[in-house]
Amino acid sequence: MKFPLILITLLMGCVTLLSVIFTHPKARGTSSMPITQAVIELNMSPEKFASANQVDPKRGIDRQPAGLDFYSVEWPSTARGQVFLEHGPYSFVFPNTLRVTGTYDHAVPNDGIYVFRITGGMATQSDIYHDEARLRFLEFLAMLKQKGWRTFINLEDPRLPTHQALHYALQEDNILYSVPIDAEIDLNTWMQIKANDWRMYAGDAIMKIGFRRDTSRLDLDKPSAYLFSYEIYNRQQLIREHLSFEEQKQAAQIWPELKLELEEKRLQKEALLELQGYHIDRSYVGPELNLAQ
């Protein structure tokens with residue numbers, strides 16, 4: 001009778017050992033830890049994003065009843081990751097990222113993931129000295145400019161040369177005006193920036209960059225917390241943002257007229273600014289904003 005009991009005990013031990021081997025965290029691949037570098041590309045399929053970035057189907061996909069799906073990769077604040085934007089010659093890496101989220105709309109499946117939102121910083125930790133954050137960010141912008149990214153000015157906003165554009169953006173009434181990518185920003189100017197963002201374009205992509213700092217820690221001799229945010233989308237999405245849901249159904253008729261109205265607003269603002277001594281950069285060339293055929 002002892003032999004069957006011994007055999008059963010040995011079999012149970014083997015089963016337990018196999019269970020430990022195949023359920024131990026080291027054997028679960030990357031389901032519990034995100035990959036070091038995520039890869040994104042505008043209009044990629046959600047399946048490609050999920051596969052390439054080993055998205056956790058439970059924690060990394062949020063399906064909303066309205067038909068929007070959000071695909072995400074997150075990193076812990078103590079082990080930040082990177083996000084590589086695949087965009088031909090304009091490709092680059094977002095450093096020290098905490099999260100990337102792509103949006104997919106079932107109403108326009110051919111668009112794939114049409115917008116990406118990324119959060120991160122300029123260092124491996126949240127705390128950083130103000131001047132160090134400034135210098136690292138300016139280096140990041142210089143890299144983008146070298147890659148071929150150019151300042152984007154909204155259709156309704158004045159086309160100002162770099163030095164005057166920065167002065168204009170820092171005025172209280174113009175906090176939504178974008179700072180030029182090549183603006184020279186000293187520490188004093190850096191500390192004046194509150195809600196402005198940087199907008200730029202390259203190829204079919206448009207990118208918006210902004211940051212928030214801990215306003216309770218403004219001492220220049222002490223570190224503070226900075227959080228940078230990035231939003232990337234294409235020209236067609238920019239056009240959609242100017243239209244309501246119902247207007248988008250008649251975009252072919254509405255957008256050309258609305259575009260002219262926005263450009264007229266720009267001309268009116270520029271005329272007033274010229275009277276105040278501003279120069280207008282009529283050599284500025286923005287992306288063509290026409291509806292896809």
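Contact here means heavy atoms within 4.5 Å. On that basis, and leaving aside residues up to four places away in sequence, Leu 138 touches Ala 183 and Ile 185 in this predicted model. Leu 138 sits in helix 3, which spans residues 130-147.

Turning to the core, the largest nonpolar one takes in 73 residues, and Phe 94, Leu 144, Trp 149, Trp 190, Trp 198 and Ile 209 have the most contacts inside it. Helix 3 is its biggest contributor, giving 6 residues. As a general matter, nonpolar side chains in soluble globular proteins tend to be buried together.

Trp 198 belongs to strand 9 (residues 198-202), where 5 of 5 residues are buried. That goes for both faces: Trp 198, Met 200 and Ala 202 are tucked away on one side, with Arg 199 and Tyr 201 buried on the other.

Strand 9 also has strand partners. Strand 8 (residues 150-151) runs antiparallel to strand 9 and is joined to it by 2 bridges, with Arg 150 opposite Tyr 201. Strand 10 (residues 205-213) is antiparallel to strand 9 too, through 5 bridges, and here Trp 198 faces Ile 209. Strands 9 and 10 make up a hairpin with 2 residues between them, and Gly 203 in the turn has a positive phi of about 60°.

Conventions: Residues numbered from 1 in each chain as written. Predicted model: local features only at pLDDT ≥ 70, side-chain atom pairs only at ≥ 80, totals over all residues. Heavy atoms only, no water. Helix = DSSP H or I, 4+ residues; strand = E, 2+ residues; numbered from the N terminus. Core = buried A, V, L, I, M, F, W, Y, C linked by side-chain atoms within 4.5 Å. Buried < 20%, exposed > 50% of the residue type's maximum accessible area, 1.4 Å probe, protein only. Pairing = 2+ DSSP bridges.
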